[in-house]
Amino acid sequence: ETFRVCNELVDDMGTVTTDEICAAIKDGFMETRCVLEPAGALAIAGMKRWVASTNVRDQTFVGIASGANMDFDRLRFVSERADSSETMLSVLIPEIPGAFRNLISHIEPRNVTEFSYRMGSPDKAAIYLSYQAKGMNAETRLADTAGVLTSLRQAKFVVSDLRDNEMAKAHLRHLGGGRAGVPNERLIRFEFPERPGALSHFLDALNAVGWNVSLFQYRNHGADIGRVLVGVQVPPEQPDRFTEFLDKVGYEYELEDDNELRKHFL
């Protein structure tokens, strides 16, 4: 019935990101002191995206922001992802005295919101860095971030913009320790159903093939899915069994073997 009504009445549809939904929840709270659920905040997020993409001005728009089915534990995730001014970077710097200070000189006077480092090489240091870009709107913040990236690259730093890297934002920023030379490691980002037995089902499928877990990172976000990053040691001569294993698990997944952050942090 919902599809029938929408098919008759909806003129256009658009998509928004998880971060944009979180920012919309924050917008709703700041304006009304009401905490919307993610689905309820979609209208605000979609309206902001549409206005930004069409560049319309001096008109009035109405978004129907319904629903308050918000789990308290999910607020932690929302608050982490709601700051649209925050830019997250990965930067490789020389492992020499003064390199940190040189790096920060290209960020100041912007506010640094996160900084994570652990020695992993005698030559280069891999840094997680988040800061708040300057500007009151998305356009000026994008321009500011572009300027920071250019400045860092001109200073010969190897820098990656992580704003769209889901593995970095959901998992690696929460991992401790340093890099490990794990042979034959495959890296997979799963969406586990948030219910009893979901982990046991995964482990049963893993035990059936006899492979070792080399990394496991999970953090509850109060949603109906669990975001899990897994490393599994898969013999290189068994690619077909790896596919069969993923099919047997049956969870949504994304292969992260080629994620650029793997070589820097894992």
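I began with the largest pocket of this predicted model, whose volume is about 1,400 Å³. Helix 2, helix 3, helix 4, strand 1, helix 6 and helix 7 each give two or more residues to its lining. I listed 36 lining residues, with Glu 20, Lys 48, Ser 84, Ala 138 and Arg 141 nearest the centre. By class I have 18 charged, 10 nonpolar and 8 polar residues in the lining. Helix 2 supplies the largest share, 6 residues.

I looked at helix 2 next. Its 15 residues, 18–32, should span 21 Å at 1.5 Å a residue, and the end C-alpha atoms are 21 Å apart, so the two values agree. I noted Ile 21, Cys 22, Ala 23, Ala 24, Ile 25 and Gly 28 as its buried residues. Helix 3 (38–54) and helix 4 (74–81) are among the elements that cover them. Just past the helix, Arg 33 has a positive phi of about 60°.

I then went through the salt bridges, 12 by count. Asp 27 pairs with Lys 48, with 2.6 Å between the closest N and O atoms. This pair links helix 2 to helix 3 across 21 residues. I find Asp 27 partly exposed at 30% relative accessible area, and Lys 48 partly exposed at 42%.

Arg 110 and Asp 144 form another salt bridge, at 2.8 Å from N to O. Arg 110 is in the loop between helix 5 and strand 2 and Asp 144 is in helix 6, so the bridge ties together parts 34 residues apart in sequence. Both residues are buried.

My last entry is Asp 257 with Arg 262, closest N and O atoms 3.2 Å apart. Asp 257 is buried at 19%, the cut-off being under 20%. Shared partners join Glu 185, Arg 186, Asp 257 and Arg 262 into one salt-bridge network.

Technical notes: Residues are numbered from 1 along each chain as its sequence is written. This is a predicted model: local features need pLDDT of at least 70, side-chain atom pairs count only at pLDDT 80 or more; totals for chains, interfaces and linings use all residues. Side-chain values use heavy atoms; hydrogens and water are left out. Helices (H or I, at least four residues) and strands (E, at least two) are DSSP runs, numbered from the N terminus. The expected span of a helix is 1.5 Å times one less than its number of residues. Buried means under 20% relative accessible area, exposed over 50%, partly exposed in between (1.4 Å probe, protein chains only). Contact means heavy atoms within 4.5 Å. On a 1 Å grid over the protein atoms alone, a cavity is a set of points where a 1.4 Å probe fits but cannot get out, and a pocket is an open set with protein on both sides within 12 Å along at least five of seven lines; lining residues have an atom within 4 Å of a point. Grid points are joined across faces, edges and corners, and a volume is the space filled by probe spheres set on the points. Ala, Val, Leu, Ile, Met, Phe, Trp, Tyr, Cys and Pro count as nonpolar, Asp, Glu, Lys and Arg as charged, and the others, Gly among them, as polar. A salt bridge is a side-chain nitrogen of Lys or Arg within 4 Å of a carboxyl oxygen of Asp or Glu.
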